[in-house]
Amino acid sequence: MNRKKVTLGIEIGGTQTSFGLVDISGNCYIESKIPTKANESPEALFERLYKKFNKVYKGESNKYELLGVGIGAPSANYYKGTVEYSSNLNWIYVNIIDLAKKYFDLPIVIANDANAAALGEMKFGVAKKMKNFIQLTLSRGFGSGIVVDGNIVYGSDGFAGEIGHTIVEKNGRSCGCGRKGCLETYVSVGGLVRTYYELLSKINETSVLKEFSPNQINADLVLRAAKNGDKLAISAFEYTGQILGEALANVVAYLSPEAVILSEGLAAAGDLLLNPTKHHMEKNMLNLFQGKVEILLSGLVKGNVAILGASALSWHNIQKNK
Ligand SMILES: [Zn+2]
């Protein structure tokens with residue numbers, strides 16, 4: 001029997017760790033997940049992960065030829081194979097590659113989750129034919145992966161591509177990084193809710209969400225209200241798009257990408273976010289670039305985005321080293 005060539009994609013997230021086998025066409029097999037427990041050691045997490053993997057893989061192993069392992073994790077360093085100072089995982093410094101080698105005798109590569117997502121778009125999603133683009137993950141945080149000439153930009157220390165922590169408002173909102181006015185505090189799931197509250201207190205406009213108590217309001221509710229025509233909720237998306245569009249006008253000046261791809265979280269808003277983002281990006285962009293940069297929604301199957309991204313890290317390495 002011809003065994004299917006696959007790589008194993010592992011995505012370590014703040015609340016869950018998911019994995020799956022992915023072939024070169026982006027088909028996902030035996031995907032599964034385990035909870036990521038707060039305050040658990042990375043060693044214990046890998047032990048549980050391997051147990052779960054073995055359980056689902058054991059009966060199927062004759063179907064696949066496993067070529068490598070790709071791992072996406074927050075604050076991961078591609079060069080060193082480490083996760084450093086991850087507030088999402090409560091890990092200070094862990095060498096993930098050394099840890100994973102105990103279980104998988106295969107080439108292993110690790111990168112931060114946003115970089116993995118960018119490679120996922122390039123291998124399997126809307127960026128298949130692109131060599132220069134930016135991928136933004138707009139969920140709890142603002143993740144960004146930058147692709148230049150077909151390769152992820154890792155920078156001198158492996159941490160390049162922190163667009164979410166560029167300051168867009170002097171003395172603006174407090175950010176988890178300890179500074180003020182970062183893009184992430186405006187353009188993320190939490191940022192949208194903060195904007196909604198600010199507008200609620202400033203504008204004399206009624207909103208269907210007024211009946212909810214403050215701790216009940218989340219980005220999904222604001223999105224649903226906006227889709228139903230709630231003016232205040234729509235304004236919250238317009239402001240979010242304005243901040244994002246202005247920031248992207250600067251990013252374009254540095255990198256001249258073909259496209260900016262939005263995924264997860266706020267990307268679910270579609271045109272509610274895309275339209276103001278496009279408008280303000282064009283309005284603030286150097287005329288040299290105007291009308292050239294597309295803003296697109298992710299082309300990856302929802303639910304498998306993280307696994308596809310992590311697996312793409314491994315596929316990218318295999319193809320590069322051929
Ligand atoms: Zn910040």
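**Figure 1. Burial in the predicted chain.** A residue is buried if 20 or more other C-beta atoms, placed from the backbone, lie within 10 Å of its own. By this rule, buried residues make up 43% of the 322 residues in the chain. The model is predicted: local features need pLDDT of at least 70, side-chain atom pairs count only at pLDDT 80 or more, and totals for chains, interfaces and linings use all residues. Residues are numbered from 1 along each chain as its sequence is written.

**Figure 2. Confidence along the chain.** The pLDDT (the predictor's confidence in each residue, from 0 to 100) averages 93 over the chain, and 99% of the residues score at least 70. Eight helices and 13 strands are present; these are DSSP runs, numbered from the N terminus (helices: H or I, at least four residues; strands: E, at least two). Confidence is lowest in strand β6 (residues 82-86), with a mean of 86, and highest in helix α7 (residues 271-284), at 98.

**Figure 3. The packing of helices α5 and α6.** Helix α5 (residues 219-227) packs against helix α6 (residues 231-255) at an angle of about 110°, and their axes are 7 Å apart. The two are therefore roughly perpendicular, a term for angles of 65 to 115 degrees. Axes are lines fitted to C-alpha atoms over the stretch in contact, and angles run from 0 to 180 degrees between N-to-C directions.

**Figure 4. Residues where α5 meets α6.** Val222, Ala225 and Ala226 in α5 meet Ala233, Ile234, Ala236 and Phe237 in α6. Residues are in contact if their C-beta atoms, placed from the backbone, lie within 7 Å.

Methods. Buried ≥ 20, exposed ≤ 12 C-beta atoms within 10 Å, placed from the backbone. Parallel < 35°, antiparallel > 145°, perpendicular 65-115°, else oblique. Contact = placed C-beta atoms within 7 Å.
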